[in-house]
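I opened my notebook to keep a careful record of one structure, writing down each thing as I looked it up.

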Amino acid sequence: MSQTSLLAGFAPPQVRFYPERVDQERSRIDEIGEGALSALTRPMRDAVYPFRARFDLARISRISRRLKAMSDADFDAEIARSRVRLRRDVLSDRSRRHGVALVCETIFRTLGLRPHNVQIRGALAMLRGALIEMDTGEGKTITAALSAATAALAGIPTHVITVNNYLAERDAENLGPIYERLGLRLGVILEDSSPDDRRSTYRCDIVYASNTEIAFDYLRDRIDFGREGPLGTRAKLRRIAEPETTKPPVMRGLPFAIVDEADSVFVDEARTPLIISRRSDPEAEAVWTGIALDIARALRRDKDFILIGDEKRLRLTDTGRQTIADLAREHTGIWESPIRREEVVSQALSVLYIFKNGEQYLVNDGKVQIVDEYTGRLQPDRSWSDGLHQLVEASEGVEITGQNLVIARMTYQRFFRRYVRLSGMTGTAKEVKRELLTVFRLNTVRIPPRVRSRLRFRLPRVFRTKTQKWAHVVREVSREVSLGRPVLIGTRSVAASREVSEMLTEAKLEHDVLNAETVEESSRIIAAAGQGGRITVATNMAGRGVDISLEEDVVKAGGLHVVLTERHDAGRIDRQLAGRAGRRGEPGSVSTILSLEDALLDVISATASKLISQLPVVSLAVRLRLFDRAQKRAEKMHARARQDLVRQDRRLNQLLSFVGGME
Ligand SMILES: Nc1ncnc2c1ncn2[C@@H]1O[C@H](COP(=O)(O)OP(=O)(O)OP(=O)(O)O)[C@@H](O)[C@H]1O
């Protein structure tokens, strides 16, 4: 499993090359040392960077002038010649510049767009393995295409990784003509792609896929070929013993990745490890969940258990423990162990008193589906572990599925570190720069915006109650649409999107709702969201990568108006949503309308926020400080969870390297 030449071809069923980075375990001290070294050299890099960028741009502009003057036939001949040259030089500075100039011209000849200098700078930085921070709406999709096509022309298979399947499909479709003209094979991996489809798609020069699809494909290959991968001894022996039945791996290594919305993939998603599991017997699950819920229903609130932390956690009392022991006496198995039965009943109590349909999950077609707290999207492939999912199913009275028993597990952090070349782009990286450097060894390069932003942030409003907040949202929306502007209302949960939708209906304001329940209509809703007078209520699904095109009249009327109705656990997520307006220097505005009953404030002491909400007069500054503190605390909590996960992963990996076994 070594890092092999990226020019190497792939010849199934013999697997001779499988480029990926050797997983070198680094201690925390190594990480800190590397981080410190990089911080020391950063001023020098930052000072050199503008000169280097200017030099590159001047050279590219010279090559572009020559390419522009060519006829179509001459240009196609130039593409063929360049491919040979680029493959020979792989990615030297010169060939990088030549490749980028060639792709720029191809983009113009196929899509009619002339890539801007900021996009060229971004593409070059990514080809050098950096993470670029480019403001929302500056054109990262084209920037990714510039890097992907240049790398692929140099013979490096490239993965363009997006946050969801909708974006993978959309980008591949829009950019397809560029790659076709360059003679590059393009593939997209979607949720319903079969293993054989996937295998042939990964043989393409450029593959678009979501982070989940690609990481699970890799993990599945690992289960098939063992820890050493397709080049390891186990895989070789299998190929010798069963040459007919042994299929080559689905993927062909991890040569180069361009990760779109990199902070979401590397940071937000990286809190949950990738897990492949097998199902347990649903009938057995139905039995214990039934007993657990019966016992939980028999327990008395405030006597047997107490809800704490603003009713987000619970604790059993001594009386409660005794009641559980009495009620469980007639059952055997797990019910005989005090620790297990108390654990199970506590979970059942959380399902009854804390979990709510429309917040943490939705019941869709008789199935319980988790709602992602960050993206507001349904996670049909995910389920809660340790029997929690089965308890929710039992409490909702839907068919109980088997429990997932872990077969293989890996963190996103470990997966992405295995790419030979890794790069990424996002509009919001500044708060997580250091983590990206220590965990993924990615340097962040800030690409300054092309045009000055005309996005106007209005003074935030913080109401005492949610009812007051929603009433104000409706008033503001009604005012903006009467001016001929479209409005995007961002909500944090599906339940909140339903709530605001009901209020808009009551006020006779026509609108669309884009949430996990209406995912199939995403393209239609987004296409219409820029029309004058249009109201779109959306969860975070519209918060990333979504480009709302405005009509000419709308630009004159002031552009898109975004209303943030809650603040998220990370400021980055709020800024992504705000970034749907004021794109490419267009006019636009954002208002933040909050209430002291918002979920984010649960993070800080309930007493403090309740106290403040009861004071007769509280200045806006104090109210906003409360939200800032809560957001900081939530960010810290999540960062700690990610650190713990990486530490756990390291320990597990060390253990497994002794005993052998799963990834
Ligand atoms: N060079 C160009 N010339 C003209 N239009 C462009 C150019 N590059 C991109 N665009 C247009 O700019 C819009 C925004 O691009 P894109 O969606 O890639 O932005 P983004 O930076 O990815 O935004 P976000 O961070 O929100 O995902 C698109 O409509 C795209 O067609």
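**Ground rules.** I am working with a predicted model, in which local features need pLDDT of at least 70 and side-chain atom pairs count only at pLDDT 80 or more, while totals for chains, interfaces and linings use all residues. Residues are numbered from 1 along each chain as its sequence is written.

**Annotated positions.** I looked up the UniProt annotation "binding site", which comes from an unreviewed entry and covers Q119, G137, E138, G139, K140, T141 and D547. I noted that UniProt positions are given in the numbering used here, that feature names are shortened, and that annotations may be inferred rather than shown by experiment.

**Q119.** I found Q119 in helix α4, residues 117-127, where a helix is a DSSP run of H or I with at least four residues, a strand is a run of E with at least two, and both are numbered from the N terminus. Q119 counts as buried because 28 other C-beta atoms lie within 10 Å; the cut-off for buried is 20 or more such atoms within 10 Å of the residue's own, with C-beta atoms placed from the backbone. Not counting residues up to four places away in sequence, Q119 touches G139, I142, T143 and L146, contact being C-beta atoms, placed from the backbone, within 7 Å.

**E138.** I placed E138 in the loop between β1 (131-134) and α5 (140-153). E138 is also buried, since 25 other C-beta atoms lie within 10 Å, and, leaving aside neighbours within four places in sequence, it is in contact with V118, P449 and R450.

**A125.** I returned to helix α4 for A125, which is buried because it has 27 C-beta neighbours inside 10 Å. Leaving aside neighbours within four places in sequence, A125 is in contact with A130, I132 and V445, whereas the C-alpha atoms of A125 and S385, 260 residues apart along the chain, are separated by 40 Å.

**A sheet.** I then traced an open sheet of three strands in the order β9-β10-β11, with antiparallel pairing, where strands pair if DSSP finds at least two bridges between them. β9 (361-364) and β11 (378-379) each have a single partner strand, so one side of each is left without a neighbour in the sheet. β9 pairs with β10 (residues 367-371) over four bridges, and L362 has Q369 in β10 as its bridge partner. Helix α14 (residues 388-396) packs on the sheet, touching β9 and β10, and its direction makes about 125° with that of β10; axes are lines fitted to C-alpha atoms, for helices over the stretch in contact, and angles run from 0 to 180 degrees between N-to-C directions.

How values were computed: A residue is buried if 20 or more other C-beta atoms lie within 10 Å of its own, exposed if 12 or fewer, and partly exposed in between; C-beta atoms are placed from the backbone. Two residues are in contact if their C-beta atoms, placed from the backbone, lie within 7 Å.
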